[in-house]
Amino acid sequence: MQGIYFLVCYRIMFRHAPVPLLPAHGIVRKRGTFNSITSELPPVNLLVIGDSLAAGVGARSCTPVLPESIAKTISRHLNHRTVSWTCLAEPGAPAGWIVDKLERKSSILEKEKQVA
């Protein structure tokens, strides 16, 4: 009951929350430095699939906040290695939609691996 109250209050104050354009893509890399060890390595690929949290609904940024934050953390922990991220999200997505996207993406990656 309390959740509904706060949702109604939020909607009255802010109307509908902005939704970033999806799918979204980005690259995180350390600016101004050149590390010969990590620059020779291919970028780490990050795929985030989810609902409004992954999409960044309500964030003031035009890109999803969660995937970019995860990519920055991974880059920092891997000695500032480049991280390429993609976000597939749908506000209000049910678990079945998320599982379907994961299965489709994994089958595409398997086919690409077989071709290479």
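**Note on the predicted structure**

1. The protein exposes about 8,700 Å², of which carbon and sulfur atoms supply 60%. The structure discussed here is a predicted model. Of the 116 residues of the protein, 20% count as buried.

2. On overall architecture, the secondary structure comes to five helices and three strands. Read from the N terminus, the elements follow the order α-β-α-β-α-α-β-α. Among contacts with a separation of 6 or more, 80% are between residues 24 or more positions apart.

3. The largest nonpolar core has eleven residues, namely Ala 24, Val 28, Leu 46, Val 48, Ala 54, Ala 55, Ala 71, Val 83, Trp 85, Cys 87 and Ala 89. Two or more residues of this core come from each of strand S1 (24–28), strand S2 (44–50), helix H3 (52–55) and strand S3 (83–89). The most is given by S3, with four residues. In soluble globular proteins, nonpolar side chains tend to be buried together.

4. Strand S1 shows an alternating arrangement of side chains. S1 runs antiparallel to S3, and five bridges join the two strands.

5. Leaving aside neighbours within four places in sequence, Val 28 is in contact with Glu 68, Ala 71, Lys 72, Ser 75, Arg 81, Thr 82, Val 83 and Trp 85.

6. Which residues make the nonpolar surface patch of about 250 Å²? Leu 53, Leu 66 and Ile 70 form it.

7. Lys 30 is found in the loop between S1 and helix H2 (36–39). Its relative accessibility is 39%, so Lys 30 counts as partly exposed. The C-alpha atoms of Lys 30 and Lys 72 are separated by 9.2 Å, although these residues lie 42 residues apart along the chain.

How values were computed. Residues are numbered from 1 along each chain as its sequence is written. This is a predicted model: local features need pLDDT of at least 70, side-chain atom pairs count only at pLDDT 80 or more; totals for chains, interfaces and linings use all residues. Side-chain values use heavy atoms; hydrogens and water are left out. A nonpolar core is a set of buried Ala, Val, Leu, Ile, Met, Phe, Trp, Tyr and Cys residues joined through side-chain atoms within 4.5 Å. Buried means under 20% relative accessible area, exposed over 50%, partly exposed in between (1.4 Å probe, protein chains only). Contact means heavy atoms within 4.5 Å. Two strands pair if DSSP finds at least two bridges between them. Patches are made of residues with over 30% relative accessible area and no salt bridge: like charges are joined within 9 Å, nonpolar side chains (Val, Leu, Ile, Met, Phe, Trp, Tyr) within 5 Å. Accessible areas come from the Shrake-Rupley method with a 1.4 Å probe; for residues, only the protein chains shown count as cover. A salt bridge is a side-chain nitrogen of Lys or Arg within 4 Å of a carboxyl oxygen of Asp or Glu.
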